[in-house]
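User: I am new to this structure and would like to learn how to read it. Could we go through it feature by feature?

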Amino acid sequence: MERPGPSGVTGSDASGPDPQLAVTMGFTGFGKKARTFDLEAMFEQTRRTAVERSRKTLEAREKEEEMNREKELRRQSEDLEPTSSGSNVARDCSKSSSRDTSSSESEASSESSDDELIGPPLPLKMAEEPVNHMEEDILGPLPPPLGEDVEEDDDDDDDDSEEEENPVQKIPDSHEITLKHGTKTVSALGLDPSGARLVTGGYDYDVKFWDFAGMDASFKAFRSLQPCECHQIKSLQYSNTGDMILVVSGSSQAKVIDRDGFEVMECIKGDQYIVDMANTKGHTAMLHTGSWHPKIKGEFMTCSNDATVRTWEVENPKKQKSVFKPRTMQGKKVIPTTCTYSRDGNLIAAACQNGSIQIWDRNLTSVVRCLWHPKLNQIMVGTGNGLAKVYYDPNKSQRGAKLCVVKTQRKAKQAETLTQDYIITPHALPMFREPRQRSTRKQLEKDRLDPLKSHKPEPPVAGPGRGGRVGTHGGTLSSYIVKNIALDKTDDSNPREAILRHAKAAEDNPYWVSPAYSKTQPKTMFAQVESDDEEAKNEPEWKKRKI
């Protein structure tokens, strides 16, 4: 069976978008090409539509009032018919008498109707048109009266309505203040939920804190720091409670700092030599942005150039909570450039470099295997986080997981539990224990009488050392040799004199050489030497004569 992919909108889909997705996100039209809108034209069309609807409403009400007026006139005429018929006793009278009688009756009826009206008579046009009592409920400008030419007034009213309904004029840009962050680009901005503090970050690696209530006209930041050393700041966002700030920089490790700029945690860096990014503990490439969870305190997510979106917990900075890997329709990696949570926090959305928007369920993982059994009517799912789940229906499923769900957890039996064996040493028994001293004074007096415990430590040796102890110049034998022997500066330029310097001492005390060879060398026997007189006597005659 096919492995389910992310619910991203990467192109035309034959099955169409999920209707539940549109309900959750609050808008539809996934996968369609974006259109450009002219706001002024839209507002003008809205205004015209409102005017046309108001005109139609007025026309309908006028017709209704006219019909009611006609009915009233008919009712009044019906009421006047019996009196007119009663005055004419005989219908067979002459025409002149009938005409006089009818004219007199009509004059009488007109006088009676005039007596019922109070105030001056209405103008002709006002009498023809009904009075509108619902003008206050109509939205938008009222249309001009029918049959009158007031084009100039219409133009003035249109200009006034355009000025009132133009959204550009509602932007609060009449005044400004300038906050000096630095000399390089300001790439990140963040406001706390109360709006009391502003935090800015830029390409100069600095993050500065601004307190609107604590600043004066100099507009100086009350704190400046570099939380990410030599990395550019890309995103700054306050948490929902306003006590922490998520700092995303060009490095692979996001940081969380408190309101005063002190570090709370730093995400761990992953191993870049691992092929599957889901097996690493953190990001291995440059970050792009981050976002706090809208409901859960201490949870946030980040996206990186390693083609992953990771969720984190402030309490556990040594490993991410979950990993999401965006993929193309062909199954290749794609880098997410931004990410965010849905309003309820159950969905995670990421916009990728290939133009797709991919959405995952935050509480579910990349299902790897799926199995359905016809007799059980249950679905077994193997997930990538080491869990196997079983889905069933209490009414439609049979046996399987239903058998073990209804059973309570069995208690561990005493026979199955392993008891811990204690090892008792002989000296741990009470009979071998030393008596406990009740007072330390007696023990101190006893130690004072002990020559070993009360022995005064020897003072440090001064000089070259004595008694086998080395002086203060060094604590090792090598240091002693270097100082006293190796650094001896005696002049040994004449080796013969250096040897003969010890000749008399060796002759008087033959300790080093003579005893060593006393047992192995033969006794010395010297030849007899004649004196000079004897040699002169024994010389031949020819030598004497020559001399």
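**Reading the chain**

Analyst: Of the contacts in the chain with a separation of 6 or more, 40% are between residues 24 or more positions apart. Keep in mind that this is a predicted model.

User: How many helices and strands does the chain have?

Analyst: The chain has 12 helices and 18 strands. Buried residues account for 20% of its 547 residues. Its accessible surface is about 43200 Å², with 53% of that belonging to carbon and sulfur atoms.

User: How should I read a salt bridge, and how many salt bridges are there?

Analyst: Side chains of opposite charge can pair when their charged atoms come close. Here the count comes to 15 salt bridges. One of them joins the side chains of Arg47 and Glu44, at 2.8 Å from N to O. Arg47 and Glu44 are separated by about one helical turn, because they are 3 residues apart in helix 2 (residues 39–87). Arg47 and Glu44 are buried.

User: Which residue forms a salt bridge with Lys297, and where do the two lie?

Analyst: Lys297 pairs with Asp243, and their closest N and O atoms are 3.7 Å apart. Lys297 is in the loop between strand 9 and strand 10, while Asp243 is in the loop between strand 5 (233–238) and strand 6 (244–249), so the pair ties together parts that are 54 residues apart in sequence. Lys297 is exposed, with a relative accessible area of 58%, whereas Asp243 is partly exposed at 28%.

User: What about Glu299 and Lys321: how far apart are N and O in their salt bridge?

Analyst: The side chains of Glu299 and Lys321 meet at 3.3 Å, N to O. Glu299 belongs to strand 10 and Lys321 to the loop between strand 11 (309–313) and strand 12 (322–324), so this pair ties together parts that are 22 residues apart in sequence. Glu299 is buried at 2% relative accessibility, and Lys321 is partly exposed at 43%. Through shared partners, salt bridges join Glu299, Glu313, Lys321 and Arg362 into one network.

User: Is His293 buried or exposed, and which residues is His293 in contact with?

Analyst: His293 counts as buried because its relative accessibility is 3%, under the 20% cut-off. His293 is found in the loop between strand 9 (287–292) and strand 10 (299–304). Leaving aside neighbours within four places in sequence, the contacts of His293 are Asn240, Glu299, Phe300, Tyr341, Gly345 and Arg362. The side chain of His293 also reaches the backbone oxygen of Gly345 at 3.0 Å.

User: What does the side chain of His373 reach?

Analyst: The side chain of His373 reaches the backbone nitrogen of Leu376 at 3.3 Å. A polar atom of that side chain also lies 3.2 Å from the backbone nitrogen of Lys375. His373 itself lies in strand 16 (residues 369–373) and is partly exposed at 35%.

User: How many disulfides does the structure hold?

Analyst: The structure holds 0 disulfides. For Cys303, the nearest cysteine sulfur is that of Cys339, 3.8 Å away. That distance is too far for a bond, because a disulfide needs the two sulfur atoms within 2.5 Å. Cys303 is buried at 0% relative accessibility, and Cys339 is buried at 5%.

User: Which residues make the nonpolar surface patch of about 360 Å²?

Analyst: Val390, Tyr392, Val405 and Val406 make that patch. Tyr392 sits in the loop between strand 18 (388–391) and helix 6 (401–405), and counts as partly exposed at 35% relative accessibility.

How values were computed. Residues are numbered from 1 along each chain as its sequence is written. This is a predicted model: local features need pLDDT of at least 70, side-chain atom pairs count only at pLDDT 80 or more; totals for chains, interfaces and linings use all residues. Side-chain values use heavy atoms; hydrogens and water are left out. Helices (H or I, at least four residues) and strands (E, at least two) are DSSP runs, numbered from the N terminus. Buried means under 20% relative accessible area, exposed over 50%, partly exposed in between (1.4 Å probe, protein chains only). A polar contact is a pair of N or O atoms within 3.5 Å; within protein, one must be able to donate a hydrogen and the other to accept it, and residues adjacent in sequence count only if both atoms are side-chain atoms. Contact means heavy atoms within 4.5 Å. Accessible areas come from the Shrake-Rupley method with a 1.4 Å probe; for residues, only the protein chains shown count as cover. Patches are made of residues with over 30% relative accessible area and no salt bridge: like charges are joined within 9 Å, nonpolar side chains (Val, Leu, Ile, Met, Phe, Trp, Tyr) within 5 Å. A salt bridge is a side-chain nitrogen of Lys or Arg within 4 Å of a carboxyl oxygen of Asp or Glu.
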